[in-house]
Amino acid sequence: MTGIVSYASYVPRYRIKVEDIAAQWGFDATVIKKGLFVQEKSVPAPDQDTITMSVEAARRAVFGGGIDPETIQAVYVGSESHPYAVKPTGTTVAEAIGATPDAHCADFEFACKAGSEAMFVTLNMVEAQQMSYALAIGADTSQGAPGDALEYTASAGAAAFIMGKEQPVAECLETYSHMSDTPDFWRREHEFYPQHAGRFTGEPAYFKHVLNCANFIMKKTGLQASDFGYAVFHQPNGKFPLRAGKKLGFTEDQLKQGLLCPYIGNTYSGSSPLGLAAVLDVAKPGDLILMVSYGSGAGSDGFVWRVTKDIEKMRKKILYTWDQIHGEKFYLDYGQYAKFRGKIRSNAS
Amino acid sequence: MAIPEYWREIKHRYKLEAGKCKSCGYIVFPMRLICPKCQNQDFDSINLSREGTLITYSVIRVASSRFVNQAPFAVGIVELKEGVRILSQITDCNINELKSGMKMQVEFRRIFDDGSSGVINYGYKCVPM
Ligand SMILES: [Zn+2]
């Protein structure tokens, strides 16, 4: 059966605490932390971007699965922060992991849903027997405008999944996608920071698509919340996925392993893919996992995964997501963070 | 760096591609046409391992224009498992805590770019393990 044959994640080592961002703008950190359910977020190093993090996550997945990179026939990278406006992310990633020249590359973009989009397409390319292995990556180094609510969460991370038919570690039992034209969050060409429609990003945007997508895929598969070991939802903050999960009947125990936002923020295209990676790090053979992404604009991709016995051997060779989150960290103050993220005008930049 | 030069070096900068002499086993990095040990001209293409040991390093505080935003930063000589020594920037570290003999891993990073409109040059840097 078609599924994930190998996976891995990459979380940068730098962090900034909500307190430091709130202090800069004169806000009360306690209120923000409670409102967003976020403590701190990851920050990419100045020499990192979507390409470099994608390469690291992909290399780990190639190594974990013991896969010859020359047999990977597609490299699809989903991101809203591709380093170039024109010039693909995928070719650099494919070259760096050794998948060139016999590979198909494409860059996906759909706000925070671009990563699951790449997963959806690679799964179907393999399922249609057009490719034996296909690599999907969700990665972002997202930016929030200084002083904007998004600045507390917009963060960086990457997750890579190699899809195939031979000995998958998680089989894909079902997919379902739910879309509508909803202008809740956008960034126009040549603009540096995105804009959003405030509270409108909640009920008619995130919750409508995530809940409809989850309800439909559960109906399609005849599964109930209690049948799943874990559920992972897109995490624009720590609160939304918990609220969505509870509305669908999931318990906190089913949600917390994949809920990374409180400690690394919203990794955008990496968000639900990184949550899935964190769940796969601990899931037992036979466990069912529900994953629902969300991208503004708007839409959700839903997946039902079933973990297989082959997962134990594969994941021994990769760095677990939570170990990266709680591993060596370097904390930045707001000034260092502003320098790292290119928010300061200077003659050198 | 001129674009053709960057492009020619992609294989060794991205993948640590080296040549292993088919006659005497000597490893050249980057790839060469002639083995400096035995003058043989046949090489197997190999990718060097991404782990090594910091041999020595220096901290750059006054950087050239392309690296001004990164200063202060460390540049070190790292010996990879195969015995090959590479010169590399050391990133994601506290420069005051670097020590010769530290274990290093190689990561893929941005090296520099030609301003905000030019080509971005990618390559390897070392990170303490
Ligand atoms: Zn030789």
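This is a predicted model: local features need pLDDT of at least 70, side-chain atom pairs count only at pLDDT 80 or more; totals for chains, interfaces and linings use all residues.
Me: What makes domain 1 of chain A and domain 2 of chain A separate parts?
Reply: The bounds come from an automatic or database domain assignment. Domain 1 takes 3-169 + 312-340, and domain 2 takes 170-309. Their centres, taken over C-alpha atoms, are 16 Å apart.

Me: How do you know that the two domains are in contact?
Reply: Contact needs heavy atoms within 4.5 Å. In domain 1 of chain A, 59 residues are in contact with 57 residues of domain 2 of chain A.

Me: What is the area buried between them?
Reply: About 4,400 Å². Carbon and sulfur atoms give 63% of that. In domain 1, A:Phe37, A:Cys112 and A:Trp322 lose the most area to domain 2, together 15% of what that side buries.

Me: Why is the pair A:Asp301 and A:Lys113 called a salt bridge?
Reply: The rule asks for a Lys or Arg side-chain nitrogen within 4 Å of an Asp or Glu carboxyl oxygen. Here N to O is 2.9 Å, so the pair meets the rule. Across the interface of the two domains, the rule finds one salt bridge.

Me: How many residue pairs are in polar contact between the domains?
Reply: The count is 27, with both residues at pLDDT 80 or more. Several elements of domain 1 give two or more residues to the side that touches domain 2, among them β1 (3-10), α2 (29-36) and α5 (114-127) of chain A. α5(A) gives the most, with seven residues.

Me: Which classes of residue make up that side of domain 1?
Reply: It has 30 nonpolar, 18 polar and eleven charged residues.

Terms used
Residues are numbered from 1 along each chain as its sequence is written. Chains are lettered from A and ligands numbered from 1 in the order in which they are written. Side-chain values use heavy atoms; hydrogens and water are left out. Buried area is the accessible area (1.4 Å probe) that two parts lose on being put together, summed over both. A polar contact is a pair of N or O atoms within 3.5 Å; within protein, one must be able to donate a hydrogen and the other to accept it, and residues adjacent in sequence count only if both atoms are side-chain atoms. Helices (H or I, at least four residues) and strands (E, at least two) are DSSP runs, numbered from the N terminus. Ala, Val, Leu, Ile, Met, Phe, Trp, Tyr, Cys and Pro count as nonpolar, Asp, Glu, Lys and Arg as charged, and the others, Gly among them, as polar.
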